[in-house]
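Thanks for coming, everyone. Please have the viewer open while I talk.

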Amino acid sequence: MNIILTTLNAKFIHTNLALRCLKAYAEPEYHPSIIEYTIKDPTFIIVSDLYQKKPNVVGFSCYIWNIEETIKVIKMLKTVDPSVVVVLGGPEVSYDTNLWLRQIKEIDYIVVGEGEQSFKDLLDFLSQKRMINEVPGLAYVQDDKFILNPLPPKLDLRLSPSPYRFDEDIPDLPKRIVYVETSRGCPFSCQFCLSSIEVGVRYFNRDKVKEDIRFLMNNGSKIIKFVDRTFNISRSYAMEMFQFLIDEHQPGVVFQFEITADIMRPEVIQFLNENAPAGLFRFEIGVQSTNDLTNELVQRRQNFEKLKRTVTMVKSGGKIDQHLDLIAGLPEEDYSSFRNTFNEVFEMRPEELQLGFLKLLRGTGLRVEAEKYGYVYVDQAPYEIFSNNVLNFDDILRIKQVEDVLEKYWNAHRMDSTLEYLFEHVFETPFDFFQQFGTFWEERNWSKIGHQLEDLYTRLYAFLEGLENISLPTIRSVMKIDYLSKQKFQPRKPWWNNDLNKEEQSKMYKLLVEDPTLAGESFSTLQLNERELYKQTFITPISINVDAFMQGFIEEKEGYLLTTFGKTETPHLSFIDGITASQI
């Protein structure tokens with residue numbers, strides 16, 4: 001029997017762990033092939049590739065991000081080869097299975113929930129080794145009657161075979177994200193999340209997990225992401241794994257975790273701050289909302305003060321980047337409340353802040369109670385809401401305007417000093433900056449076009465030019481410092497129009513050759529000759545004292561910013577004042 005396990009990943013760098021778990025359980029009796037595509041691949045190309053492999057069975061792993069494209073593939077595949085058995089599994093089709101089977105006639109079977117044993121039993125049925133009613137967790141239609149066999153008992157994960165050691169995966173390990181799970185289940189009951197449905201947490205054999213991680217690192221894996229819903233629910237387990245990863249990590253490897261921040265003990269953070277190499281770990285933390293009523297309504301237990309303590313302590317260590325998540329559209333969180341949530345979370349200055357929008361996933365409690373909160377949503381993946389009883393569609397669209405500029409300007413960290421200046425001196429709150437700039441951005445349709453780094457600067461400056469009560473020379477100077485401090489080489493075409501002609505530059509360089517201390521003692525120690533000055537430095541007028549700025553405060557003062565490249569690890573910034581216009 002020729003068996004193919006497939007899915008449409010969001011990106012090429014992603015890998016599908018579920019398919020590998022199914023393959024590991026099916027062997028050695030069966031030998032499925034894993035073939036992964038992306039949602040950007042043309043449907044015809046995917047179907048042609050599958051058809052030419054002449055499969056008897058094709059299993060699809062289904063999620064909200066790929067279900068619509070997967071259905072297209074299934075329908076076309078069944079058209080060109082009606083004999084192929086199509087099996088679906090995954091969180092997107094594990095609920096409303098009767099609906100899926102009735103609407104998409106091309107689906108033969110759906111494996112519900114944890115599918116490793118059920119899928120293997122289905123292969124036994126297809127090989128005439130057992131009856132169909134002996135396949136637990138299988139949904140199908142027989143004689144126009146919907147049937148869902150009783151679900152199987154939960155797997156003993158300690159006995160699970162490894163899904164990480166297939167020879168065909170090894171060549172791609174350095175180029176792709178590897179997803180690893182050390183546990184299944186979640187102790188919390190958040191009503192917007194599918195993980196709340198499974199009660200309790202089960203663990204894999206930790207010694208086998210460690211051996212798998214060693215194998216992955218030895219074969220070139222660079223990004224290993226743990227998919228455990230709450231990696232640190234057991235403090236002793238988390239500490240043991242942190243210690244193992246610190247002790248045995250290899251250069252260039254990064255480990256990512258989803259953690260619950262408000263249950264992380266200070267001594268654990270202290271241990272990580274003292275012992276973890278910088279950049280080894282990355283934390284993803286779901287905050288979602290700081291509104292107490294909202295959290296109560298979705299049964300989300302969260303102590304924001306303890307969460308803030310954790311994020312702040314981790315950030316102070318300077319070792320671990322943190323990615324925090326928010327969800328707009330949760331019950332009873334109106335626009336004003338979400339603005340407050342955003343600002344409270346942004347105050348912690350996470351390295352990344354992701355702004356998401358509520359999706360009413362099949363099987364979740366919030367979808368069941370959608371009418372109670374007045375939710376209007378599209379009943380098609382990804383099931384994102386349009387509005388509810390306190391947040392209308394205009395509000396949703398306004399918040400969406402924040403999302404694009406937040407990603408490009410804060411999460412990309414292209415001009416942190418500029419943004420901090422605006423937060424402190426120009427806008428009432430960070431959210432107000434992102435909202436006003438996001439609206440300006442959207443009105444010009446910039447979300448629909450690409451952007452070079454210089455474009456991001458010119459577009460921000462265009463927005464700021466229209467504001468009142470702002471010192472444009474000061475903000476322009478801060479933006480120049482941000483831009484030049486991020487360059488590796490002398491820029492050929494900066495984002496602003498060149499404000500020194502060649503003759504003026506030559507006079508400046510002549511003065512610096514004669515007296516390097518004009519740019520400060522630190523610059524003079526670089527000992528640049530005239531040729532190096534021309535090749536490795538950049539001079540531009542500036543309206544603030546650079547030295548004061550580097551110490552964290554603004555002093556308005558006319559002078560010149562001299563940036564030297566290649567002599568230090570990062571560009572060397574110097575401030576030149578005391579040179580009159582007549583001298584140049």
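Ground rules first. This is a predicted model, where local features need pLDDT of at least 70, side-chain atom pairs count only at pLDDT 80 or more, and totals for chains, interfaces and linings use all residues. Residues are numbered from 1 along each chain as its sequence is written, and side-chain values use heavy atoms, with hydrogens and water left out.

Now the overall picture. The protein chain has 21 helices and 20 strands. Those are DSSP runs, numbered from the N terminus: helices are H or I with at least four residues, strands are E with at least two. The C-alpha trace spans about 95 × 55 × 50 Å along its principal axes. Of the 584 residues, 53% count as buried. Buried means under 20% relative accessible area, exposed means over 50%, and partly exposed is in between, with a 1.4 Å probe and protein chains only. The chain exposes about 26900 Å², and carbon and sulfur atoms supply 49% of that. Areas come from the Shrake-Rupley method with a 1.4 Å probe; for residues, only the protein chains shown count as cover.

What about contacts? Take those between residues at least 6 apart in sequence: 69% join residues at least 24 apart. Contact here means heavy atoms within 4.5 Å.

On to the cores. In soluble globular proteins, nonpolar side chains tend to be buried together. A nonpolar core is a set of buried Ala, Val, Leu, Ile, Met, Phe, Trp, Tyr and Cys residues joined through side-chain atoms within 4.5 Å. Which residues have the most contacts inside the largest one? They are F242, F255, F281 and F283, in a core of 120 residues. Apart from that core lies another, of 29 residues, among them I4, I46, L50 and A139.

Leaving aside neighbours within four places in sequence, F255 is in contact with I213, M217, I224, F226, L245, H249, L280, F281 and R282. I213 and M217 are also among the buried residues of helix α6.

So, helix α6. The helix covers residues 206-218, 13 residues in total. From first C-alpha to last, α6 reaches 18 Å, close to the 18 Å expected at 1.5 Å a residue. The expected span is 1.5 Å times one less than the number of residues. Buried in α6 are V209, K210, D212, I213, F215, L216 and M217. What covers them? The cover includes β8 (177-180), β11 (223-226), α7 (235-248) and β12 (254-259).

Compare helix α14, residues 416-425. T418, L419, Y421, L422 and F423 are buried there. Those residues pack against α11 (335-346), α13 (393-411), α15 (430-443), α16 (453-465) and α17 (472-485).

Next, V87. This residue lies in strand β4, residues 85-89. V87 counts as buried, at 2% relative accessibility. Beyond four places in sequence, V87 is in contact with V57, V58, G59, F60, Y109, V111, F119 and L122.

Now the surface. V376, V378, F386, F393 and L397 make a nonpolar patch of about 380 Å². Patch residues have over 30% relative accessible area and no salt bridge; nonpolar side chains (Val, Leu, Ile, Met, Phe, Trp, Tyr) are joined within 5 Å, like charges within 9 Å. A salt bridge is a side-chain nitrogen of Lys or Arg within 4 Å of a carboxyl oxygen of Asp or Glu. V376 sits in strand β16, residues 376-377. V376 is partly exposed, at 42%.

Last, the backbone. Most residues other than glycine have a negative phi, and most peptide bonds are trans. Where are the exceptions? The bond from E27 to P28 is cis, with omega near 5°. P28 is in the loop between α1 (17-26) and β2 (33-38). A381 and P382 are also joined by a cis bond, omega about 10°. P382 is in the loop between β16 and β17 (385-387).

Q299 has a positive phi, near 55°. Q299 lies in the loop between α9 and α10 (304-317), and is partly exposed at 44%. E332 has a positive phi of about 60°. E332 lies in the loop between β14 (321-328) and α11, partly exposed at 26%.

One contact ties in here. T294, in helix α9 (residues 292-297), is buried at 0%. E332 is among the contacts of T294, alongside S289, L330, P331 and E333, with neighbours within four places in sequence left aside.
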